[in-house]
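Let's take a friendly walk through a protein model together. Have a look at the chain first, and then we will visit some of its strands and side-chain contacts.

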Amino acid sequence: MYRHLTHALRVLPATVALAAGAALAPAAQAAAPAGPAALPARPLAAAPADSPYERGPAPTEASITAERGPFAIEKIDVPAGSGTGFNRGTIYAPTDTSQGTFGAIAVSPGFMSPQSVIDWYGPRLASQGFVVMTLETKSLLDAPAARGDQLLAALDYMTGKSKAKDRIDASRLAVMGHSMGGGGTLEAANKRASLQAAVPLAPWDTNYDWKNVQAPTMIMGADNDTIAPADSMAERYYGTLTAVPEKAYLELRNAGHTTFNAPNTTIAKYAIAWMKRFVDDDARYEQFLCPEPSPSTTIAQYEGTCPTG
């Protein structure tokens, strides 16, 4: 189980030089400031027949795998200094509010990675009916705990001060991130119990204790990842999620660490389905999660609790 970890630590310096946008190196875990008081946790709905938070038409395989969903969106720049606790970022928000407010998602890049490598998640998720903020972290070297704090600070800014705040339901928030941003996703969920969902992508963290995470969590890994090896990181983190009501582990086939930094239909499909099911309590998306997907040309492994079951 640890064979890839040793290799990853050996090749890490070269990887940083060759692929700074995706490489990782252990970083000092600086003490992070305490986050704002969490909202009271909203009870998880058990497979509602008709959720009041459903947004958009009934999904199909074509609609969930499309490059754009049914909602027109706008792009809102968030300059440095707009809020506290994070650097800057970009908000993508649906323009049609006739169906009500939307859940919100904050997304963090990984170690040595700029916001640009995760930009594709913004319009992909927002056009399906979410307000999404992609982050430029305070430092490219920020450790997972710091990235977790920045994700939470971004959510607080989105719901409290942003131009899209009136389009957001502050009780339906989620986090997502790649690499050390994936570790930050777990850190954020560990700190704030009221989060409705978390999707760590090829997560990297020195912390292996996630027994207190309560948000439904889907962890994605990649079978050829030598930076955050799936068997010694993503899959092991998944095994420690003992308190979550629902969880899933998806391992991409013939994929590496940087696969998550470019548009990918499989990543998008399951991230959207997870967010829709648990941020929107939308049981119409359960069809993509239950029964659990079988191994295929794009999926090497999948396991989970299967929503409501």
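## Buried charges and their partners

Asp169 counts as buried because its relative accessible area is 17%, and buried means under 20% (exposed is over 50%, partly exposed in between, with a 1.4 Å probe and protein chains only). Before we go on, note that this is a predicted model, in which local features need pLDDT of at least 70, side-chain atom pairs count only at pLDDT 80 or more, and totals for chains, interfaces and linings use all residues. Residues are numbered from 1 along each chain as its sequence is written, and side-chain values use heavy atoms, with hydrogens and water left out.

Which residue forms a salt bridge with Asp169? It is Arg172, and Arg172 is buried, with a relative accessible area of 0%. A salt bridge here is a side-chain nitrogen of Lys or Arg within 4 Å of a carboxyl oxygen of Asp or Glu. Asp169 and Arg172 also belong to a salt-bridge network with Lys276 and Asp280. The whole structure holds twelve salt bridges, including these:

| Salt bridge | N to O distance |
|---|---|
| Glu74 and Arg167 | 2.5 Å |
| Arg172 and Asp169 | 2.9 Å |
| Arg284 and Asp282 | 2.8 Å |

Helices (H or I, at least four residues) and strands (E, at least two) are DSSP runs, numbered from the N terminus. Glu74 is partly exposed at 31% relative accessibility, whereas Arg167 is buried at 13%.

Now to strand β6 (residues 197-201), where five of five residues are buried. On one side are Ala197, Val199 and Leu201, and on the other Ala198 and Pro200. Strand β5 (residues 168-178) runs parallel to β6, joined by five bridges; two strands pair if DSSP finds at least two bridges between them. In this pairing, Met176 stands opposite Val199. Strand β7 (residues 217-222) is also parallel to β6, with two bridges, and Leu201 stands opposite Met220 there.

Finally, a disulfide (a pair of cysteine sulfur atoms within 2.5 Å) joins Cys290 to Cys306, S to S 1.8 Å. Cys290 lies in the loop between α7 and β9 (299-304), and Cys306 in the segment after β9, 16 residues apart. Both Cys290 and Cys306 are buried.
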